[in-house]
Structures are given as C-alpha cells and as structure tokens.
Amino acid sequence: MTAKITGAVLLALLFCVPFAVQSEFWLSFWLLVLMYAFLGQAWNVLGGYGGQFSFGHALFFGIGAFGTAILQVRHGLNAYAAGAIAIALGAIVGCAVGLLVFRYRLRGAYFALVTLAFAEVARILISSFDYTGSGFGMLVPLARGAANFQFEDRRIFYVIAWTLVVIGALIAWWLENSRFGARLMAVRENEDAAQALGINLIRTKVFAITLSGAMAATVGVFYVQNFLFVDSHLAFGPAMSIEALLVSIIGGMGTMFGPLFGAVVLHALGEAAKQVTGNAPGLNLAFYGLLLILALRFLPNGITGLLSRRMARRSSERAHA
Amino acid sequence: MLEVRELSKRFGGIQAVNTASLDVYENEIVALLGPNGAGKTTLFAAIAGFVRPDSGNVRLAGRDITSLPPHVICARGLVRTFQIVQPFGALTVRENIAVGAHLHHASRRQALARAEDVAEKVGLGPRLNQPAATLTVAGRKRLELARALATDPKLLLLDEVMAGLNPMEVSEIVPVIQAIRGSGVTILLIEHVMQAVVSLAERAYVLNNGRIIASGTTAEIASDPQVIEAYLGHGAAARVQSRLEARHAP
Amino acid sequence: MVNFSLLLPAVLNGVTTGAIYALIALGLTLIYGVLHIINFAHGSLLMLALYAAFFLYTLAGIDPYVAVLILVPAFFVLGYGLQRFVIQPTSHGRDENILLVTLGLAIIIDNLALWLWTSTTRTIDTWYAFEVVDLGFAFIPLPKVIAFFGALAFAALLWALITFTDLGRAIRAVARERDGARLVGIRVEHVYAMTFGIGTAAVAAAACFLLPTFYVTPQVGYAFVLVAFTTVVLGGMGSFVGALSAGLLLGIVESLGGLYLGESLGQLGIFVIFILILLFRPMGLFGARA
C-alpha cells in the first residue's frame, strides 16, 4: 500500500513539473523518464505480471516508431491516422509473435532469446532498404500544429507522456483487479496448476503480449512525434529493449508503479553519474548493467518491494509496541 | 460420472499405464490405490488431459474428453489436484482460491467472496491474507483442495491429499472431504494413508505396474491376495495367510 | 546462378568460420549442459578476449596463436571468478534471475569496452595475414586454415578433458544429477565455477583464432551472442557433436547468405534459422526431446 501511495504522490509531483520547471533540459529529462516509464509498463504487463521475459521489446517500440514515420513520410498520412495504425500494427505483431512462440511452452530463456532475435531481424531489415530509410533513418517533416500531432510547446508533449503513464498505472490496476489479471498471474506462478483450474494458457499469454505490444508501439509513436527522427539502431537496437526491462526490474516487477519508480531512479542515478564521469559513451549503460546486478542481488522485489518491506516492518513494530 | 476404458500410456521404454479401466459413479468416493510407481499419477494426468493416452478413452458424464486440453476438461467439471503441491506462491491464499472461482465468476468481487467461503470450508479462513508461499505443507494441501473446490467441480481428482500430513491433520481433513461429497461432488482419490481410505472410500481400484489388478469394496480389496502381494512382495499373501492361521490355531 | 568458382570458396570460407562458431558454441553448450544457465555474457567475453589478444599483439608483439597460451588460462580464471562470486550469489538460484544477471554482465562488459576503447574498429596485420593455401580448386587464406584446425584441436582437447579426467567425470555427474553428485561428495559450486571457467577459456581460444581474419569493436560481442545461441540451439543444448555440426553448418549458411544477399542481409539467415529452430524443433538436431 505504501508503494501505491508513494507512486500516486510521485505522479502528482511529476504533473507539476511543466509548471514549476523553467529549464528546457529538465523538462526534456522528465519527459524521457515518463516515456521510459510507460515503455517499462508495457514490458511489465508481459514480464512482470505475466512472467514472460522479453529481451526484445524494442521490436514493438520500433514498429510503432517506424510505422508512423513511414506512413507519414512515404504515404502522406495524417499523423494521428499513422499513429493509430502503427499502434494497431504493434498489437498485431505482438499477437503474431505470441501465437508463434507460446504454442510450445518454451522455457523462459528461449522466449527471451526469440524476442531478441525478432528485434535483430527487424533492425537488419529496416536498415537494408531505402524505403525504410536504410542506414540513415527517417525524418518526419516539421509541421507544427495540433492537426499534425506536433507541438511548439514541449509541455504539451510532457502532459501527453504523463497521461500515458497514468493510463499505464490504470492498466496495471486493472490487471490486479480483474479476472484476466488473476489468470495472467496464475500462469506466471504455475502453468500446470493454472491449466488445472481452467485457464487457457495460450490465449492468456497471447492477449498479454498483444496488449504489451500495443503499449510499446504507442511509445514509439510518441517518440517520433516528439523527436521527428528515428533510425534502425535506435528503434530496434538493444538499448531500448534494455530500458524496457530494466526499469521494471529495478522498480519492482509485477507492480503498479514499479516501472515509474525504476525509470525515475535509473535516470536520476544515470544523470548523477554523468555529472561525475562526464558524458562518456557507454559508461552510463555500463552503469545500468551494474544497477541491474545490484538490484537482482539486493532488491529482488525492486523498489516497490523495499517500500512494502519498510511498511511491514513499521506495522509489526507498532504491533509489538 | 467417469468412465475410463482401456487406457494405456507408454513413456519411452516404460509402459506406465496398461489398459486401465475404471468407473466412478455420481456422488461416490472411490480410491485408486497401488504401490509407488504403479502409474496412479500418470493415470490421473491422462484423465485430466495433461498427458495424451496412447490408446483408450475417457468419458465424463457421458461425453468423451479423451484428447481435450486440461483447461477445457476443467470447464467441463473435472478438476485435479497435484501430488506435489503447486501453489501460486506470490499470491495470497484468497487470491489463489479466487483463480479457481473465476472459472464461473467473471466479477472480481464475486470471485473473492466465493474464495472466502471455500476457504472457511476447508479451514483456511484465518490465513486468507497470507502469501501462499508461507503456508505449511498441510496448509498447502488444503489450498490445493480449496482451489479445486472453488471451480464448482462435478468430479474431483485428489492426488495424495494426505501425503505429508500427521495423523491429527489427516483426521481434520477427512470430514472436510466428506462434506465436499455431501455437497454433491464426486471424488476419485489417490491415497496411501489407509486410515483415510477406509473412512472415506466405498470402493477402490488397485493399480500395479500400470494394470488394474483388483477392484471392489475397500474391505474386499484389503484381503485380496494379489493386492497384498503388490504391496508386500511375492509370496507375502501366503505368509500373511499362514500367520493368520497360526494365530487362530487352537 | 550456381557459379562453382564462387560457391566453393564461399563454402570453404563458411566451414572455417564455422569451426570458430563451433568452438564458441562448445563453451556455451558446456555451460548450459552443466549449469543449465543461458550465459548471455558469452559474446561479451569473446569480445573481451579479442581485445586482449589485440592489445597483446599491438603492445607486446605477441602473436595471437601464441597468445592462446596466455589467454586461455587467464580467461579460465575470469570465468571461474564470475560464476563463483557474481552469478551464483546474485541469482539466488532462480532461472529467470540467472538470465538477467548474465545480461547485466553483458551490458557492463560491452559498455565498459565502449568507454575504454571507443568504437573504432581494430584489426591486426600479421605477416601471414595474406598468405593463402592453394587447394587446386580454391584458395583459402592461411589464417583461416589455422583457425579451422586450431578450433578442432581445442574441441578435441575439451572432449578429452570431459571424457578422461576426474574433473570431466565430476562435471558429467553434476550435469546429469546435481543432488546425487553432491551426496557423493562432489563440490557442486566448485564444479559449476570450473565449468564456467572452461567455457570462457574456450571462448578465449576462439578469439585468438578469430582475430587475424576478423576485427574487434565493442559491438562484436552482441553480434556473436545470437550466433552462438543459434549454434547451440540448432545443435541441441548440451550436445558436443551438435555444437560442432551446427557451427559448421551455420558458418556455411552465413557465407552463402553473404554471397547471395549481400553483407547486411546475409546476417539475416542466421537469425531466421534461430527463430525457425526454436519454433519447430527446439531440441535441435541432436538434442533430446524435452
């Protein structure tokens, strides 16, 4: 419960950022944090609540990003239509991958590898054809205006990102209070027992990955509208996949605000580290790797677990007082 | 309620189940007995859809369920528990049971309420908010039972529910199972604890090396020489017989 | 379309690369077969070994084939230490955690390398780099021939180690029945660490054979991870013969893919095979049906 309250407070604070903060740098910083928080939540749906660890979530992010970029640049579609189609594409690909992969009840590690392979295949394909920008990536033409889903004022993007995070938290809440969520978590805990209680394993997992794919694609669409540029390495490369899983693990897998906590802590620490070590390429990701190992060693339930433990200890102290 | 006909299953070089046939009639409690490794759990797994039989068929309430997947069989009213308990560790006892309740209740609130009812029935009431992973063996067995019960089954397959329980725990659970039968459920149970078998089951089948070697009332089974040999070894029946005669000798 | 004068060298080229893939895969399949963990850091360790060999050559003038004698023991120790002091304590024994820990290690190693050595491509120029072996119907670069035989020799050594030594017996015991092995007095944690060490040493050897004809950048590790896994999965997790055959096969596939589809798309062949194998024959060519 403490974790949820902390999360809600954090969200409220984050809402104030665009009004309280003047610096362009910090606005962008928190915007990215929110973005990664929602991406992490997408991963969390499948990995944290569903127990299926994807190492290639960049696949869905990239589909959203390149989907909307290609539709706008090559086919002149309106930004909103392109975005909607790209998100649908993310869902469809999620569903397809799920149907393909979950048929055989592969061990967890195999699923992780397959998702990684899919992301790599996408990366190679995208970087090989001119239609998709080949090695240079794609630039979405500047056309400021609400009609084009591009805003002069960065703060509007910020509020949109914040809303996404709220939606993500609501989705998590739904998972924790619905039949589907109960079944998904049962599948995560024990597949045999879940089957014995009438749960259709494949249908449950496929639905989860479809939802997860749609959410991750949404982040991709948002990214492109905000930055107006995407390339294959950014969209489908390991960095995005690592972000997606890392924020959830550090913040607490299978929890409502885990991805948000993880995103805040990860990037705050990353930023602090940058101040100390300078903007050396690679060092901040190495730092992420270290945080991952430390989290696994000392915080197996993430930050959310830490908050809950403190609450439990305090209440037992009160009981013995 | 349940008809198993000529069911066989081979794993590599081992014939785990060999043309086994049995019947369980509505509202009975029937026991499936046999020494370790006889194939009882495999038979359960085959009946419940976890393992595809090589030959034979299974009918539930007259309808063929032989090659159906486990979750479909569960929806039809046949639920099994596991010999090695499989709790949903990170979920609370209430949430665990609710998963079973969700089979027939879409609403979260209803499922949770039903879970509380079932928990009371099996004696897990005080533990509703505990994470399942913190339960003792006895508690986990009850949870296993409660989860299955929450699905409103017609036929319950209980796999060694008593294993690992001390005599007091056994005597606590027996009335629970009787009450379950009293509410209209049919039960087929695998059990080693004879005290439980005798007080619960009217009839029993004995499985040895994959074959059904005896069937009948529990009293008939207990004195069947083939059964004694299956448990105690070759020649044991004769030894038991001569021992009994010696005791009754003038 | 089938131009033999191009095809044959491509196949031979693939076979020599494949031998190296096989050696890398052997280390990975050994680690999986015994510890049952998917070592995500395998590619990163290869990259590290490549850099080590590179610096030994450029700074100390030590030829890579000689460096094998230095790097194999060094990386054995590294592998032992990683398993014993990082992976084991962090994973608390859970499968998913082990995967994540090795991923974390891979991230750290890959990015430290990026920071320390930048992404400049490094290659070495040995005197034998452009020597070729004339087979009559094709020419093969000498370093590749050496790599081929070197990889096979190392694989044979590994096989001998596993089959004939006490350590090998202990490893096989732990692989088959961990708790039973513990009961007869085998120190399982030690065996785990030894196995990881051996797997890492294999990768170091592969790196030494690879460097003369290849290059090194920090991204190389990531690129090799999937190739290594494809090899292991194709061959069947835990199968020696499988890793060997799969390595050779994949080397050929990659070479032919590069020939017909061009450099970048050629890499696709391996990933596509990986996905197909996992979906349709996850036990691989030689693995046991799960």
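1. Where is B:His102 found in chain B? This residue belongs to the loop between helix 3 and helix 4 (108-122) of chain B; helices (H or I, at least four residues) and strands (E, at least two) are DSSP runs, numbered from the N terminus.

2. A word on conventions: this is a predicted model, in which local features need pLDDT of at least 70, side-chain atom pairs count only at pLDDT 80 or more, and totals for chains, interfaces and linings use all residues. Residues are numbered from 1 along each chain as its sequence is written, chains are lettered from A and ligands numbered from 1 in the order in which they are written, and side-chain values use heavy atoms, with hydrogens and water left out.

3. B:His102 counts as buried because its relative accessibility is 0% (buried means under 20% relative accessible area, exposed over 50%, partly exposed in between; 1.4 Å probe, protein chains only). Its side chain makes a polar contact with the side chain of B:Arg108 at 3.1 Å. Such a contact is a pair of N or O atoms within 3.5 Å; within protein, one must be able to donate a hydrogen and the other to accept it, and residues adjacent in sequence count only if both atoms are side-chain atoms.

4. Beyond neighbours within four places in sequence, B:His102 is in contact (heavy atoms within 4.5 Å) with residues of chain A, including A:Ser178 and A:Arg183. On its own chain, B:Ser107, B:Arg108 and B:Ala111 are among the partners.

5. The contact between the two chains takes 23 residues from chain B and 20 residues from chain A. About 1800 Å² is buried between them, 65% of it from carbon and sulfur atoms (buried area is the accessible area, 1.4 Å probe, that two parts lose on being put together, summed over both). B:His71, B:Phe88 and B:Arg108 supply 31% of the area that chain B buries against chain A, more than any other three residues.

6. What does the polar side of this interface look like? There are 6 residue pairs in polar contact between chain B and chain A, both at pLDDT 80 or more. Helix 2 of chain B gives the most to the side of chain B that touches chain A, with 3 residues.

7. As for the other chains, of the 2 pairs of chains in contact, chains A and C share the most contacts. No contact joins chain B and chain C, and their closest C-alpha atoms lie 11 Å apart.
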